[in-house]
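This briefing concerns charged side-chain contacts and a nonpolar surface patch. Please view the sequence and the structure below before reading the notes that follow.

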Amino acid sequence: MYPRLWLALATLVVAAPVMAQTSATPQSPDSAQTTAMQAAPSVPVAAVTPTAPDFPRGKISGYVFGDYYYNAVGDPRHAYNAAGSDSGKANIDGTGKPITRDLNGFQIRRVYFQLDNDLSIKYSTRFRLEADSKSLTSDGKIGLAVKALYLQARNVYPRGDLFFGILPTPIYETEEEAWGYRSIEKTLADFRGIGSSTDIGAEVKGFVDTGHRIGYSAMVGNGLGQKPEDNRDKKGYLALPIHVGDLRMEPFVDYENVANHQDRATYKLFADYEFRKLVLGGSALSRVNHRTSAPNQEPRGFSAFGRWTQTPTVAAFARFDLWQPDHRIANRVDTQLWIAGLDWQPFKDVHFMPNVEATQYTAKGTAVAPAFHDLQARLTIYYKFAKPS
C-alpha cells in the first residue's frame, strides 16, 4: 500500500507544476483572434462602386519677379531726349555694352500666367502667357506674348511622351532647374542668346530605363522661337539627362540648317551635385557658326554656380560666368559675369532677395575693352501663385 501511495504522491508532485504552467500560459493573439472570429457573427461587406476619374481638370499658376535696382558702377555719361528720358542702358545683358551709372528704378522683369488642363489620364495641355519689360507694345507699355502652347500625349510608347506646339527647348530646362534662380539671372546660354528658350515643333521625351536614371529629349522645331516659320530649314535638339544618386549630368547638342551653308551647331555639357544643404553645378558651352566666305565663328563659355539652403527660409547663392565671343580670334573682348545674393522666404513662395550683379571686360590682343565695368545692386522680389479649378 505504501509503495502505491508514494508512487501516486510522486506523480502528483511532478505533474502539478506542468499543469499549473499550462493553465497560466496566455492564449496566443492568433488563437484568441481566431476564437473571437469564430464566436462573432459574420457581417456582410458593402460593395463599393468605383467612380469615373475626375476629368477634365485644370490648374492656374504663375509667378512674378521684379526689383528695385541701382547702377553703382557703369558709364557715367547721360543723354536725354526731348521728353527727358535717359537713353542710358539700365540692365546688364549679353550685348557687351556697359550699363549707365546712377540709373535706378523699379521694374517688373517677368510675369507668367499658366493654365494646365488634364483632358484625360493620357492627354493634357498647357497654355502660358508671358509679359516682361523688354517686350513692349507700340506705345511703350509692357507687352504680352504666348510663351508656351502645347498638347502632351503620355505613354505613346513605354516611358515615352509626345509633345506638339510651342515647346520649351531642352537647352535650358535642366540647368535652369538646378540653378534655381532664374528670377535673378538667365543661365549662360540664355543670357548670351545661344538659341531660344522655346520653339514651335514636336518632341519626344522619356526614360530609357525603368528606374528613370537615363532620360532623353529629342525635338525638331522651326528654329525661330515663337515666331512663325519663314523658310524650309529646321532645327534639331537632343538632350540626354543622366541621374545617378545625387549627381546629375546632361550632354546636349543642337543643329540648325541655315541658308547659304551657314549652319549652326551648339554643344553643351551640364553637371551638378547635391549635398544635404549645398548644390554645386556648372556647364561648358561651345557654338560653331559656319561661314562660307570667312572663318567659322566659335563662341565659348563656362558657368559655375552654388546655392546654400541654411534653413527653409534663408538661403544664399553665387555664380561666375566666363564668355569668349569667338575663341578662334586673338583680338577679342572676353567678359566675366559675377552674381551673389541672399534669399529670404518669410512665407512659402514669397522671396525677398538682395543681390549684386557685375561684369568685367578683358581685352585680348589688340582689341579695346569698354572703358567702364558694370555693377548693379538690386532687391529682387519673387512670388508664385497657384489655384486648382
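Arg57, Asp118 and Arg154 are linked in a network of salt bridges. A salt bridge is a side-chain nitrogen of Lys or Arg within 4 Å of a carboxyl oxygen of Asp or Glu. The search of the whole structure finds 21 salt bridges. The model is predicted: local features need pLDDT of at least 70, side-chain atom pairs count only at pLDDT 80 or more, and totals for chains, interfaces and linings use all residues. Residues are numbered from 1 along each chain as its sequence is written, and side-chain values use heavy atoms, with hydrogens and water left out.

**Salt bridges between strands**

- Lys147 and Glu130 form a salt bridge through their side chains, at 3.8 Å from N to O.
- Because Lys147 lies in strand E4 (residues 142–157) and Glu130 in strand E3 (residues 123–136), the pair ties together parts that are 17 residues apart in sequence.
- Strands (E, at least two residues), like helices (H or I, at least four), are DSSP runs numbered from the N terminus.
- Both Lys147 and Glu130 are buried, where buried means under 20% relative accessible area, exposed means over 50%, and partly exposed lies in between (1.4 Å probe, protein chains only).
- A salt bridge also joins Arg378 to Glu357, with the closest N and O atoms 3.0 Å apart.
- This pair links distant parts of the chain, since Arg378 is in strand E17 (residues 374–388) and Glu357 is in strand E16 (residues 350–364), 21 residues apart.
- Arg378 counts as buried at 6% relative accessibility, and Glu357 is buried at 1%.

**The pair Asp321 and Arg319**

- In the salt bridge of Asp321 with Arg319, the closest N and O atoms are 2.7 Å apart.
- Asp321 is buried, with a relative accessible area of 1%, and Arg319 counts as buried at 5%.

**A nonpolar patch on the surface**

- Tyr68, Tyr70, Phe106, Phe113, Leu379, Ile381, Tyr383 and Phe385 form a nonpolar patch on the surface, with about 780 Å² of accessible area together.
- Strand E1 (57–73), strand E2 (104–118) and E17 are the elements that give two or more residues to the patch.
- E17 supplies the largest share, four residues.
- Phe113 is found in strand E2 and is partly exposed, with a relative accessible area of 40%.
- Patches are made of residues with over 30% relative accessible area and no salt bridge; like charges are joined within 9 Å, and nonpolar side chains (Val, Leu, Ile, Met, Phe, Trp, Tyr) within 5 Å.
- Accessible areas come from the Shrake-Rupley method with a 1.4 Å probe, and for residues only the protein chains shown count as cover.
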